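Thanks for coming. I will keep this short, so please have a look at the model on the screen before I start.

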Amino acid sequence: MLTKRIIACLDVHAGRVVKGVQFIDLVDAGDPATQAARHALEGADEIVLLDITATHEGRETLLDTVRRTAKELFVPFCVGGGIKSARDAEQVFTAGADKVSINSAALANPSLISTIGASFGAQAVVVAIDARRDPAAADPIRDAQVFVHGGRKFAGRRVVEWAREAEQRGAGEILLTSMDSDGTRAGFDCELTAAVSESVSIPVIASGGAGTVAHFAQVFARGKADAALAASIFHFGISTSRSLKQELEKSGVPVRLPC
Amino acid sequence: MRVTVIDYKAGNLTSVLKTLHYLGAETQVTDGDLSLVSSAERIVLPGVGHFAATQRLDATGLTGAIRAAIARGVPFLGICVGMQWLYAGSTEAPSQPGLGVFAELCTRFPEGYEKVPHVGWNSLEPMPGSRLLAGVESGAYVYFTHSFKGPVTQDTAAVTTYIEPFAAVVERSNVFGVQFHPEKSAETGLKILRNFLSLDVEGATC
């Protein structure tokens with residue numbers, strides 16, 4: 001039976017894992033390669049490394065980080081942050097990533113999705129979407145606003161129509177972050193996730209708001225998510241992927257166990 | 001041991017090469033040097049993307065070289081589209097023939113049931129006696145990402161079910177194929193690759 005994936009996410013700045021609420025008050029949380037290996041051993045189904053270094057010098061550091069992290073990692077490995085061109089993506093793949101996550105660059109230049117897909121396969125292209133419900137819209141959920149630049153700027157797109165376009169252009173997966181829920185630990189936005197997941201045939205990874213095991217069970221059941229991203233829930237030692245999955249299994253969620 | 005890895009310019013070989021190195025194999029990559037195939041001890045054909053891209057194997061002469069190597073008894077492992085290529089062809093690219101070791105056609109998952117592609121960790125039901133799956137328990141999880149698949153036949157070494165049962169592993173004599181990505185399938189995947197690397201080369205001759 002196909003299982004629901006629990007994806008561990010590492011925010012990386014200047015070659016170090018950092019943690020903090022909404023990129024504020026960053027605290028050093030260790031070496032990315034060590035942390036990724038630990039998450040894989042603790043049962044994560046996949047690792048996402050999100051580079052929040054915006055500088056040019058940061059790119060070389062990132063590639064070195066990706067190389068070191070990929071070296072002994074035998075679960076799917078996705079890298080995002082600052083990938084603006086097919087060339088940037090190629091460097092990240094050559095360093096050992098299996099997938100790249102693109103966000104602002106895909107909105108600015110949607111053909112980037114198909115360009116990367118043509119060379120590396122659709123399965124290697126994850127389109128990340130940061131969305132916030134729009135109370136002023138006819139449908140506040142399906143017409144949730146898509147934001148770029150870390151959530152500071154409205155991209156002029158609506159979540160469902162953009163997710164569908166990304167799929168048509170050859171995206172392999174959608175990584176959907178609810179900006180309303182992100183950082184709250186009050187639960188995923190299940191309605192938003194379901195609206196997107198039911199509008200596309202590719203997997204949707206839910207992100208933003210995880211605080212308890214029940215939140216994950218909800219986003220898989222009500223939110224129709226195919227996978228869920230967990231970040232701070234692990235960093236703060238609340239839970240490992242394995243213990244999270246053991247609890248989810250008790251709630252009837254199909255998960256990869258033993259792992 | 002030495003592994004010849006076939007590059008037909010569809011996708012990224014880094015993960016497969018890295019994993020083979022981790023398991024102690026030396027690798028040589030060829031995108032058209034047939035001597036590396038004719039002298040191969042073991043051959044791995046990774047592959048992602050569209051079945052039509054396998055046309056490059058025909059254009060470069062690799063298809064004929066691989067066919068000859070397989071006839072000599074060289075262990076061959078096709079991964080994902082590399083497995084599908086072992087069949088007569090795929091409805092994804094009807095005019096592009098596969099190697100034809102297995103007579104059937106690969107087909108797309110039927111629409112209207114679940115999402116297609118099939119992406120994620122799903123379980124294997126291995127058949128008794130599979131050499132590639134020695135030590136792999138029933139229910140072991142591996143990582144898939146694909147929209148096309150081979151049918152369950154007498155050559156199927158493990159079945160996975162998504163919408164319907166399909167061939168997750170195919171095995172006949174020295175020819176092996178896996179629809180999933182063993183290089184991304186944690187300990188189960190490493191075990192399967194280790195089994196491939198430790199196959200007795202002479203013993204595999206048919």
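Chain B has six helices and 13 strands, where helices (H or I, at least four residues) and strands (E, at least two) are DSSP runs numbered from the N terminus. Its radius of gyration, taken over C-alpha atoms, is 15 Å, close to the 17 Å that the globule rule gives for 206 residues, so chain B is as compact as a globular protein of that length. That rule is 2.2 Å times the number of residues to the power 0.38, and the radius is taken over C-alpha atoms.

A word on the source: this is a predicted model, in which local features need pLDDT of at least 70 and side-chain atom pairs count only at pLDDT 80 or more, while totals for chains, interfaces and linings use all residues. Residues are numbered from 1 along each chain as its sequence is written, with chains lettered from A and ligands numbered from 1 in the order in which they are written.

Staying with chain B, its C-alpha atoms fill a box of roughly 45 × 40 × 30 Å along the principal axes. Of its 206 residues, 51% count as buried, that is, with 20 or more other C-beta atoms within 10 Å of their own; 12 or fewer would be exposed, anything in between partly exposed, and C-beta atoms are placed from the backbone. Of the contacts in chain B between residues at least 6 apart in sequence, 67% join residues at least 24 apart; a contact means C-beta atoms, placed from the backbone, within 7 Å.

Next, helix 1 of chain B, residues 14-22. Its buried residues include B:Val16, B:Leu17 and B:Leu20. Among the elements covering them are strand 1 (2-6), strand 4 (76-79) and helix 6 (186-197) of chain B. Just after helix 1, B:Gly24 takes a positive phi of about 95°.

Now a sheet. Three strands of chain B form an open sheet in the order 5-6-10, with mixed pairing; strands pair if DSSP finds at least two bridges between them. Strand 5 (87-90) and strand 10 (148-149) are the edges, each pairing on one side only. Strand 6 (residues 102-108) and strand 10 run antiparallel, joined by two bridges. B:Arg108 has B:Phe148 in strand 10 as its bridge partner.

Over to chain A. Six of the eight residues of helix 7 (residues 190-197) are buried, so this helix is largely enclosed by the rest of the structure. Those buried residues, among them A:Cys190 and A:Leu192, pack against elements including strand 7 (125-132) and helix 8 (213-221) of chain A.

Lastly, the contact between the chains takes 24 residues from chain A and 27 residues from chain B.

Conventions. Contact = placed C-beta atoms within 7 Å.
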